[in-house]
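Work through the exercises below with the structure open. Try each task before you read its solution.

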Amino acid sequence: MDRAQVDSRISSLLEPFNKASVPITDSTTFAGDLEFDSLTVMDFVAAIEDEFDIIISMNQQAEIETYGQLVDAVCKLSGQ
Amino acid sequence: MSEGVSQADKPAVREGAAIDLFAKFDDTIRMRRDLLASGVEDPFSLVMEKVLSPTRAICNGRDTILLGTYNYMGMTFDPDVIAAGQKALADFGSGTTGSRVLNGTYQGHREVEDALRAFYAMDHAMVFSTGYQANLGIISTIAGKGDYIVLDIDSHASIWDGCALGNAEVVPFKHNDIEAMNRRLGRIPEGAGKLVVLEGVYSMLGDIAPLKDMIAVAREHGAMVLVDEAHSMGFIGPNGRGVAEDQGVLDQVDFVIGTFSKSVGTVGGFCVSNHPKFEILRLVCRPYVFTASLPPSVVATAATSIRKLMHESAKREHLWANSRRLHGGLRDLGFRLGTDEPQSAIVAVIMPDLEKGAAMWEALLREGLYVNLARPPATPANITLLRCSLCAEHSDEEVGTILGMFERAGKSIGII
């Protein structure tokens with residue numbers, strides 16, 4: 001699975017959480033552009049963890065602000 | 001406090017002060033200002049001018065029934081407890097002025113730890129100056145760099161702050177979701193230390209955890225287990241040791257965290273454990289070492305109260321009867337509650353929004369009833385709720401009065 005495939009799987013997981021249909025690029029921020037609150041973050045992270053069978057700890061989440069950073073982190077964590 | 005708040009949207013401009021560090025609080029300031037602008041009494045600056053009993057006080061000038069104190073067993077005015085505190089105050093002075101590991105361990109600190117060991121039938125007990133510090137200290141100390149803390153997302157602030165103070169990887173899971181916890185534990189790299197943190201009773205909705213199943217899963221993964229039993233001590237379980245005892249798994253719990261500020265009726269926190277190396281925590285746990293110990297009067301009242309709580313089954317039964325009656329009565333009136341059945345002495349009444357919640361809170365206060373208004377971010381799922389906690393000293397008549405107050409207030413606000 002390459003970065004594009006990870007990107008596409010995360011993108012479809014993100015869809016139900018992107019209620020305002022904000023256009024997604026690598027620089028889209030979760031807190032700012034997507035206005036995710038802590039509960040949404042928790043549900044979204046849980047969906048990604050289950051999809052890729054990984055853990056994204058709170059410590060790692062703190063380093064992830066943009067969509068592109070998330071895709072990179074998931075690639076790394078799932079050993080891509 | 002309110003004066004500062006009213007000025008915050010027009011801060012004084014000082015030369016050289018380029019960035020106001022308080023700007024980050026503007027959203028909270030706005031929320032508070034909007035709430036108060038609607039004309040309600042400030043729910044967060046209530047003053048109890050006089051306390052008449054565990055269930056009655058003069059609040060903002062009114063004779064008020066207290067239904068939001070966590071004083072579950074009504075020990076605050078127990079004559080034996082008060083006498084013990086008075087004697088310790090006279091014999092040992094007003095404070096210790098020292099850390100437990102220096103000049104702050106008095107006879108009374110030993111005695112309260114003895115009382116806890118007897119109450120829980122465990123080998124070790126360590127007393128902190130608050131319950132908050134007990135979680136802060138134990139969690140941050142035992143889970144270090146490279147270890148994993150797996151915890152329920154609805155955990156109390158003191159648990160989250162314990163995680164934040166330490167260096168472990170922090171992995172939350174959905175509230176009471178055994179499979180979500182199981183999956184996360186299964187993904188932790190081999191060789192890493194694991195601590196699962198759970199609560200017996202979750203204080204916002206008053207629901208309990210399926211500890212038996214959760215602890216079994218945690219054990220299968222080789223994790224150590226910490227359970228916060230702050231809201232169950234004294235009345236849940238055959239000996240009042242909490243939800244883990246009630247579900248028959250207390251022997252599977254490595255660390256029980258508790259507090260003196262609820263059923264015990266004073267202030268302080270503790271951890272009890274059978275871990276053979278437990279005592280070393282007294283030297284390595286910073287929130288234990290770098291703070292003054294509890295005053296002699298406080299540990300004397302706590303020790304007396306804990307020993308009495310071992311024999312209060314009649315009071316426990318009355319507390320359960322009160323909880324069942326309030327829960328059933330509010331449900332029958334048409335209120336939406338946090339749990340379908342009463343699971344603890346907390347009954348959470350869910351409000352449509354903060355505005356209605358604050359209006360309902362004030363209407364109840366005018367009726368002469370104090371409950372807790374709980375709002376985001378302290379609440380799960382961003383809900384606003386009125387949290388009621390029963391006391392064993394509430395009389396049958398008072399519970400009836402409380403239900404009448406809820407009915408009138410709920411109808412006047414338009415919630416029922």
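**Exercise 1: a sheet and its edges**

β4(B) and strand β12 (residues 269-273) of chain B run antiparallel and are joined by 5 bridges. Strands are DSSP runs of E, at least two residues long, and helices are runs of H or I, at least four, numbered from the N terminus. Two strands pair if DSSP finds at least two bridges between them. The model is predicted: local features need pLDDT of at least 70, side-chain atom pairs count only at pLDDT 80 or more, and totals for chains, interfaces and linings use all residues. Residues are numbered from 1 along each chain as its sequence is written, while chains are lettered from A and ligands numbered from 1 in the order in which they are written.

Task: find the bridge partner of B:Ala125 in β12(B), then say why β4 and β6 of chain B each have one side without a neighbour in the sheet.

Solution:
1. B:Ala125 has B:Val272 as its bridge partner.
2. The open sheet has 7 strands in the order β4-β12-β11-β10-β7-β5-β6 (chain B), with mixed pairing.
3. β4 (124-128) and β6 (169-173) of chain B stand at the edges, each with a single partner strand, so one side of each has no neighbour in the sheet.

**Exercise 2: the side that touches chain B**

Task: state which helix of chain A gives the most to the side that touches chain B.

Solution:
1. Contact means C-beta atoms, placed from the backbone, within 7 Å.
2. 10 residues of chain A are in contact with 13 residues of chain B.
3. α2 (38-52) and α3 (58-61) of chain A each supply at least two residues of that side of chain A.
4. α2(A) gives the most, with 4 residues.

How values were computed. Two residues are in contact if their C-beta atoms, placed from the backbone, lie within 7 Å.
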